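Here is a short briefing on one protein model. Look over the sequence and the fold before reading on.

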Amino acid sequence: MADTKREIERKYESDDGGLPDLTRVPGVATVLDKGVTHLDATYHDTADERLAASLVTLRRRTGGSDAGWHLKFPVAPGVRDEIRAPLSDTLPDELAALVRSRVRDHALLPVVRLRSDRDVRHLVDADGRLLAEVSVDTVHAERLTGDGGTARWTEIEVELADDGDPAFLDKVEKRLRKTGARPSKSTSKLARALADTTPDGTTATATTDTPATAPEAAPRRKHRPRAAGKPVTAGDHVLAYVRAQRDALVELDPAVRQDVPDSVHRMRVATRRLRSTFRTFRGVLDREATDPVGDDLKWLAAELGLDRDQEVLAERLRSALADLPDTLVAGPVGHRLTTWAEARHAGAHGRLTGILDSRRHLTLLDTLDALLTDPPLRKKAAATPEKALTKAVRKDLDKLAGLVTRALDLPPGTDRDVALHEARKKTKRTRYAAEAAAPALGRPANDLVKAMKSLQGLLGDHQDSVMARQTLRELAAVAHAAGESAFTYGVLHAREEHRAERAEAALPEAWTSITKDLRPWTT
């Protein structure tokens with residue numbers, strides 16, 4: 001069974017390869033010599049080094065106190081989450097699943113072997129509490145692919161103790177720098193090994209824009225995107241937004257599989273942002289290429305929604321129940337709600353994991369890579385963003401205005417509920433369009449994003465109330481059939497109904513205020 005550990009460390013190079021007197025580091029009372037450990041690690045990656053391109057490392061290591069399989073994901077500079085599994089001859093399935101969004105159908109191969117002699121010191125305070133582990137690592141690297149180059153070096157590694165204060169690492173660094181040590185230029189031992197064992201000194205890592213499979217024939221491009229640097233044209237800005245959402249889908253995959261809170265929601269938002277971008281900016285990206293991708297994104301968002309909607313609804317109902325006086329709670333309402341929520345979540349999450357492993361999902365990721373590598377740009381992609389992006393965003397906002405007006409003209413009831421839900425979806429699309437345009441258009445687009453967030457919150461609360469009332473009716477029916485009182489479900493239903501009425505009553509004034517503040521977009 002795998003477990004996860006947050007790893008906070010820094011690496012240094014020193015010409016003499018030794019350690020200064022670390023008892024002079026503030027807070028350190030004693031330096032304990034823990035001896036020398038011999039480590040032997042084999043790192044695995046695809047032939048085009050997809051994991052290394054994402055700063056992800058996967059290794060099988062023997063020696064030391066944590067022999068086994070280690071999978072590390074970057075969190076921030078010097079911070080990684082390490083997921084460990086017991087030592088075995090083959091890669092554990094649970095770790096293989098966590099890299100599937102990056103690896104897909106490509107085989108994982110041994111790429112580098114690192115043998116290290118680790119001379120370890122423990123820095124402890126006056127109470128004997130471990131503050132950090134400092135080691136001098138003498139490393140021998142051997143590339144297992146290509147020409148099979150080798151390299152040797154010595155480095156100093158400082159790893160913060162569990163639950164330690166990251167500021168302590170600054171104190172250690174100050175002491176090391178005073179004695180000539182300097183921060184390592186490499187982010188990890190693997191990164192240095194890949195660089196130092198390549199004949200020309202550079203790694204041949206793949207970029208995430210490299211398609212895993214050859215894309216189908218696409219329409220003729222009338223404009224080529226900038227290969228790198230600051231976005232200039234409308235096409236540059238749209239592709240930058242698409243690329244960010246594609247990256248989010250890939251990077252959030254392991255978190256969703258591990259059931260990390262809010263990860264499903266964030267992946268669903270990235271999926272919706274992509275689909276909305278393809279629909280809004282059809283003047284920039286050819287819809288013949290993007291519409292089929294949009295269909296797959298709609299499918300993925302719906303699958304993600306089975307878990308996310310359940311999560312939001314369960315939390316809403318729990319909070320509503322907690323707010324009720326005890327005198328209004330009749331029967332085992334809390335227990336029934338918890339049982340319903342847990343059963344639905346377990347089933348939804350298991351299904352979602354299967355979706356992430358499905359051929360359709362993996363092909364979608366390949367298609368997004370191919371689209372970014374050879375984008376189906378139209379003539380307007382070469383236009384200035386002020387012109388092309390403004391026009392596209394304004395078109396979405398005009399459609400939203402029509403939906404809000406129509407909803408407000410309807411009498412309360414099912415038809416209005418449906419109309420407000422459609423307005424909510426268009427609000428999200430307008431918000432995402434403004435987000436994509438914001439780097440180019442600046443404050444007007446940022447103001448629109450804020451306005452759409454506010455409107456989305458109001459409409460979202462209304463839609464959540466609609467769904468909560470439906471669920472409460474279902475739970476009440478089950479409780480009644482079991483011989484339990486349905487009184488409390490009725491009370492909660494009435495409160496949700498009142499909450500929806502308040503949202504509807506606030507909408508006209510909120511919409512008037514929004515349109516007044518967004519005159520540059522509505523004139």
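## An enclosed strand and its setting

Strand β7 is largely enclosed by the rest of the structure, because 10 of its 14 residues are buried. Buried means under 20% relative accessible area, exposed means over 50%, and partly exposed lies in between (1.4 Å probe, protein chains only). Helices (H or I, at least four residues) and strands (E, at least two) are DSSP runs, numbered from the N terminus.

This is a predicted model, in which local features need pLDDT of at least 70 and side-chain atom pairs count only at pLDDT 80 or more, while totals for chains, interfaces and linings use all residues. Residues are numbered from 1 along each chain as its sequence is written, and side-chain values use heavy atoms, with hydrogens and water left out.

**The whole protein**

- The protein has 15 helices and nine strands.
- Its C-alpha trace spans about 80 × 65 × 45 Å along the principal axes.
- Of its 523 residues, 47% count as buried.
- Contact means heavy atoms within 4.5 Å. Among contacts with a separation of 6 or more, 74% come from residues 24 or more positions apart.

**Strands around β7**

- Two strands pair if DSSP finds at least two bridges between them.
- β6 and β7 run antiparallel and are joined by 13 bridges. Here valine 124 stands opposite leucine 130 in β7.
- Five residues lie between the strands in the hairpin of β6 and β7, where glycine 128 takes a positive phi near 85°.
- β7 also pairs with β8 in the antiparallel sense, over 11 bridges. Valine 139 has tryptophan 153 in β8 as its bridge partner.
- The hairpin of β7 and β8 has six residues between the strands, and glycine 146 there takes a positive phi near 65°.

**Strands around β4**

- Strand β3 (residues 57-62) is joined to strand β4 (residues 68-76) by five bridges, and the two run antiparallel. Leucine 58 faces leucine 71 in β4 as its opposite residue.
- Glycine 63 takes a positive phi near 95° in the hairpin of β3 and β4, which has five residues between the strands.
- Seven bridges pair β4 with strand β5 (residues 79-85), again in the antiparallel sense. Phenylalanine 73 has aspartate 81 in β5 as its bridge partner.
- In the hairpin of β4 and β5, two residues lie between the strands, and glycine 78 takes a positive phi near 80°.

**Two buried residues**

- Is arginine 104 buried or exposed? Arginine 104 is buried, because its relative accessible area is 9%.
- Arginine 104 lies in the loop between α3 (100-103) and β6. Not counting residues up to four places away in sequence, arginine 104 touches Arg50, Val99, Val250, Leu362, Leu365, Asp366 and Asp369.
- Serine 276 lies in helix α7 (residues 263-280). Serine 276 is buried, because its relative accessible area is 11%.
- Leaving aside neighbours within four places in sequence, serine 276 is in contact with Arg429 and Tyr432.

**Pockets**

- Rolling a probe the size of a water molecule over the atoms shows where empty space is left.
- On a 1 Å grid over the protein atoms alone, a pocket is an open set of points where a 1.4 Å probe fits, with protein on both sides within 12 Å along at least five of seven lines; lining residues have an atom within 4 Å of a point.
- Grid points are joined across faces, edges and corners, and a volume is the space filled by probe spheres set on the points.
- The largest pocket has a volume of about 1,200 Å³. Its lining has 39 residues, of which Arg268, Arg272, His421, Arg424 and Lys428 lie nearest its centre.
- α8 gives the largest share of that lining, 11 residues.
- The lining of the largest pocket divides into 11 nonpolar, 10 polar and 18 charged residues. Ala, Val, Leu, Ile, Met, Phe, Trp, Tyr, Cys and Pro count as nonpolar, Asp, Glu, Lys and Arg as charged, and the others, Gly among them, as polar.
- The second largest pocket has a volume of about 670 Å³. Of its 35 lining residues, Arg61, Asp66, Arg118, Glu133 and Glu159 lie nearest its centre.
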